[in-house]
Amino acid sequence: EMKINELAPVIASREVEVEASPETIWDIIVAVDSWPDWNPDVKAAFIEGDLAVGTRFSWKAGQLTIRSTVLQMERPHHLVWTGTTTGIKAVHLWQIEKRGEKALVRSEESWEGLLPSILRGTMKRMLSRSIQQTLLYLKREAERRSL
């Protein structure tokens with residue numbers, strides 16, 4: 001199984017427990033064009049066709065447009081994609097584990113490139129905050145769908 005780049009200058013990971021099935025959580029994550037509906041940090045998202053290995057998609061977060069490609073996919077547990085934007089190459093990993101009636105969702109990402117090398121501390125804080133926020137929004141949406 002692929003991992004993020006453990007040697008990258010900037011790495012962050014967070015996890016959250018969600019009262020929903022792995023399938024519900026998975027369906028929210030893979031519906032890329034619906035991200036702005038539940039995640040206010042995503043301004044727009046574009047994908048052609050369904051998410052699969054090799055699929056490309058792009059999305060806007062803040063001022064940045066990120067171009068991504070799916071590297072690995074194993075429904076409903078494991079998803080890895082790359083993302084590139086000005087000065088940054090990212091690898092993002094999602095892991096979803098069933099925990100009884102709940103699920104544990106883990107999100108981790110590595111950033112390499114010019115900006116992460118120069119602004120290591122700042123960018124690590126930025127990435128950690130972003131991952132944390134996304135997990136909270138995801139939890140809220142998955143639990144809303146599971147009521």
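Biologist: Why is W81 called buried?

Modeller: The relative accessible area of W81 is 5%, and buried means under 20%, with exposed over 50% and partly exposed in between, for a 1.4 Å probe and protein chains only; W81 is therefore buried. This is a predicted model, in which local features need pLDDT of at least 70, side-chain atom pairs count only at pLDDT 80 or more, and totals for chains, interfaces and linings use all residues. Residues are numbered from 1 along each chain as its sequence is written, and side-chain values use heavy atoms, with hydrogens and water left out.

Biologist: What makes the pair of W35 and W81 tilted?

Modeller: Rings of Phe, Tyr and Trp (its six-membered ring) pair if their centres lie within 6.5 Å; planes under 30 degrees apart count as stacked, over 60 as edge-to-face and the rest as tilted. The centres of W35 and W81 are 5.5 Å apart and the planes stand at 35°, so this pair is tilted.

Biologist: What is the pair of F57 and W81 called, stacked or edge-to-face?

Modeller: F57 and W81 are edge-to-face, with 5.3 Å centre to centre and 90° between the planes.

Biologist: Which residues form one aromatic cluster?

Modeller: The cluster is formed by W35, F57, W59 and W81. The structure holds four aromatic pairs.
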